[in-house]
Amino acid sequence: MPTVLLIDSLVRSLQVGSLYALMALGLTLTLAVVKLPNFAHAELITLGAYVALVASFWGLNNLLAMLVLCFIVTAAVAVLSYKAVYKPLERRKPSIYTMILASFALGLILRYVLFLLVDRFDFFDKRIKIPLEIWYQSKTMILTNIFFWVVPTSLILIILLSLLLNYTNLGREMRALADNRALARVQGVQVERVYYFTWILAGGLAGVAGALWGIYTSINPLTGWLAILSVFAATVLGGMTSFVGTILGAYVVGLSENFVMQLLNHYLGLDFSFKPAIPFIIIILVLLFRPQGLTGFMDGFRTRAIRRQTNP
Amino acid sequence: MTIDFLSTGIALLTFFGISALMALSLNLEYGVAGIPNFGKALFVSVGAYTAALTYTYLLPLLAGKTPIYPCGANLTDALQLRTGIIREAMGIGLLNFLLTLVIAAVIGGLIGYLASYPALRLKEEWYLALVLLVGSEIVRILVRGYEPIICAHNGISGLSQPFVALGNPKLASFLFALVILALVALVFIFSERLIHSPYGRLLKAMRENERVAQSLGKRITRTRAQIMVIGSAIAAVSGVLFVVNLGFASANDYVVALTLDVWVMVVIGGIGNNRGALLGAFIITVLDRVTAIAAIQLDQIGFQLEFTYIRFILFGLIILLMLRYRPQGLLPEKPLTTEAHSLLKTQAQK
């Protein structure tokens with residue numbers, strides 16, 4: 001296999017994996033803290049991408065300002081969707097299928113409102129106006145400014161989020177809620193407040209990821225919907241509620257969609273039209289045979305290490 | 001501005017019948033037995049692909065001709081072979097159609113049995129919803145990329161309904177609508193009897209509390225598998241009717257949106273009530289047809305509105321409003337009554 005293709009697919013894996021990590025962390029947060037598989041997360045991603053696009057067409061070309069704007073808008077929409085849709089439903093103590101259906105319905109509404117607007121103003125398949133520059137070039141590899149924006153931004157956000165979760169009161173409360181809701185409530189955690197912060201974080205991260213996605217490729221109102229099952233694959237692979245697991249899962253999904261797909265195409269002649277099936281197959285295999293995902297391995301290591309410490 | 005009311009009515013009945021079959025199958029699975037089938041599109045598509053295969057291979061064999069591989073260079077030859085046989089020999093067309101229904105039901109049931117396998121092993125209840133959703137997308141992507149079934153992304157055409165041989169399109173579509181409605185009646189009666197039998201009470205017990213049903217010695221996993229088989233067979237039959245009515249099979253018709261449409265029907269009508277499923281199917285079909293006709297009429301007078309988008313927004317709103325204000329649906333499920341109940345009542349009166 002030509003090294004150019006190999007390295008190119010690895011670079012793409014890294015880029016896509018970082019974005020999936022951002023998207024999947026938001027999904028994992030809502031799943032762990034609010035206990036809701038939020039399929040409308042897809043539309044928050046699309047919304048973020050379009051906010052950035054419109055801002056760039058209006059002449060905003062400072063990327064940092066753009067990302068902050070996206071974070072604010074999508075976080076607001078996420079909080080609003082919780083307040084208007086999920087919270088009133090939750091009062092009835094519905095089955096989880098009701099909540100899944102509601103998230104589908106909310107996603108449907110957001111997606112097609114976006115479709116209406118995008119159609120009216122002709123924003124189909126546009127890219128965010130950021131001039132493309134080549135920052136690094138060698139015989140086998142070209143890295144653009146976009147790569148240097150996408151990957152470090154994602155990593156910084158991931159680190160910030162992990163600091164927030166591990167070293168602040170809010171983070172501790174979120175983890176407590178994720179672990180045991182009743183116990184957290186008894187300990188005096190203000191559940192509503194933590195929920196709102198969770199939605200802000202989840203929505204904002206989705207928006208930022210969407211904006212970065214829009215810098216990386218062209219976008220349309222289906223962007224988020226097409227990505228959401230890959231994002232779910234990352235969350236599932238991470239064991240549904242694990243922070244580190246989700247990040248690992250995102251990179252594994254990114255790698256298997258790009259790098260492994262490239263290998264399969266080159267050596268087995270598998271057509272690229274089968275690429276979207278890869279994350280789906282990951283979801284099914286993991287849920288069937290390893291529902292604890294990647295976390296199981298790490299827990300296994302940890303308990304083994306502890307056992308070794310306690311009885312040498 | 002003329003609307004052909006007769007054809008519109010027949011089309012409405014046809015679409016109603018097909019959606020009603022899908023809604024009845026989902027109502028049996030989710031409404032009665034509590035299995036969250038978010039992969040309905042998959043089981044519907046099984047019927048469509050079966051029809052595509054029988055029309056290319058079984059139909060020529062029944063007519064005593066050799067089948068032709070339907071894609072690539074032979075595309076027009078195979079199409080002419082299919083349409084020629086259906087036009088000339090109605091008996092063969094009908095026989096092929098009936099056999100297609102039976103084969104689709106069998107294959108659909110088989111796939112339903114396979115799909116029930118994860119239901120036995122998943123850790124949390126909503127994982128099954130995700131597995132079925134994702135499974136339906138996998139199959140769609142595979143079929144879209146794999147030529148021999150429906151010529152990959154090109155789709156396959158000329159899968160017309162058997163009555164076109166009569167030469168009168170209106171009569172043909174009327175007869176076809178009658179066949180569909182007869183099937184709906186059959187499935188409705190079957191499903192009603194099933195729900196009101198002791199087996200139906202087992203299903204409801206399973207929906208309400210699996211552990212309790214299990215502790216009474218009921219085999220939950222086997223019952224779940226049985227319901228998936230029945231529901232998927234019905235869905236596959238509706239898939240055959242769907243594709244034969246359209247005359248064209250394309251993998252892009254069987255997306256998550258189709259699954260959601262069926263869910264909307266069941267949620268509107270009333271989860272767990274077959275009459276509700278029929279009502280939901282009727283409301284959604286009328287809504288769909290009316291908006292489609294209105295869109296065409298408005299387009300003619302130069303007023304463009306994207307009804308496809310508005311349709312989906314409307315459906316989303318309907319789901320949210322129903323879930324919030326009337327989660328039991330328009331026709332709520334009736335409480336169970338058995339002979340024992342009425343006996344108790346009469347005794348109490350004495």
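1. Which helix of chain B holds B:L110? B:L110 sits in helix 4 of chain B, residues 90-121. Helices here are DSSP runs of H or I with at least four residues, strands are runs of E with at least two, and both are numbered from the N terminus. B:L110 is partly exposed, because 15 other C-beta atoms lie within 10 Å. The cut-offs are these: buried means 20 or more other C-beta atoms within 10 Å of the residue's own, exposed means 12 or fewer, and partly exposed is in between, with C-beta atoms placed from the backbone. B:L110 and B:A225 are 115 residues apart in sequence, yet 10 Å apart in space, C-alpha to C-alpha.

2. A word on the model. This is a predicted model, in which local features need pLDDT of at least 70 and side-chain atom pairs count only at pLDDT 80 or more, while totals for chains, interfaces and linings use all residues. Residues are numbered from 1 along each chain as its sequence is written, and chains are lettered from A and ligands numbered from 1 in the order in which they are written.

3. Next, B:L79. This residue lies in helix 3 of chain B, residues 75-88. B:L79 is partly exposed, with 16 other C-beta atoms within 10 Å. Leaving out residues up to four places away in sequence, B:L79 touches B:S157 and B:G158. Contact means that the C-beta atoms of two residues, placed from the backbone, lie within 7 Å. B:L79 and B:L241 are 162 residues apart in sequence and 19 Å apart in space, C-alpha to C-alpha.

4. Now the contact between the chains. Chain A gives 35 residues and chain B gives 34 residues. On the side of chain A that touches chain B, the elements giving two or more residues are helix 3 (63-90), helix 4 (96-121), helix 9 (223-237) and helix 11 (277-289) of chain A. Helix 4 of chain A supplies the largest share of that side, 16 residues. By class, the side of chain A that touches chain B has 30 nonpolar, two polar and three charged residues. Nonpolar covers Ala, Val, Leu, Ile, Met, Phe, Trp, Tyr, Cys and Pro; charged covers Asp, Glu, Lys and Arg; the others, Gly among them, are polar.

5. Helix packing in chain B. Two packed helices are described by the angle between their axes and the distance between the axes. Helix 1 (residues 5-32) and helix 12 (residues 274-300) of chain B pack at about 140°, with axes 8 Å apart. Axes are lines fitted to C-alpha atoms, for helices over the stretch in contact, and angles run from 0 to 180 degrees between N-to-C directions. Helix 1 and helix 12 of chain B are therefore oblique to each other. Under 35 degrees is roughly parallel, over 145 roughly antiparallel, 65 to 115 roughly perpendicular, and the rest oblique. The residues of this contact of helix 1 with helix 12 of chain B divide into 13 nonpolar, five polar and one charged.

6. Helix packing in chain A. Helix 3 and helix 8 (residues 191-216) of chain A pack at about 135°, with axes 7 Å apart. That makes helix 3 of chain A oblique to helix 8 of chain A. Their contact has 18 nonpolar, five polar and no charged residues. Helix 10 (residues 243-268) and helix 11 of chain A pack at about 130°, with axes 9 Å apart. Helix 10 of chain A is thus oblique to helix 11 of chain A. A:V253, A:S256, A:E257 and A:M261 of helix 10 of chain A meet A:I278, A:P279 and A:I282 of helix 11 of chain A.

7. Strands in chain A. Strand 1 (residues 134-137) and strand 2 (residues 142-144) of chain A pair in the antiparallel sense over three bridges. Pairing requires that DSSP finds at least two bridges between two strands. The two strands of chain A form a hairpin with four residues between them. A:Q137 has A:I142 in strand 2 of chain A as its bridge partner.

8. Two lysines to check. Most residues other than glycine have a negative phi. Phi of A:K35 is positive, near 60°. A:K35 lies in the loop between helix 1 (3-34) and helix 2 (41-57) of chain A. A:K35 is partly exposed, with 15 other C-beta atoms within 10 Å. Phi of A:K93 is also positive, near 50°. A:K93 is placed in the loop between helix 3 and helix 4 of chain A. A:K93 counts as exposed, with 7 C-beta neighbours inside 10 Å.
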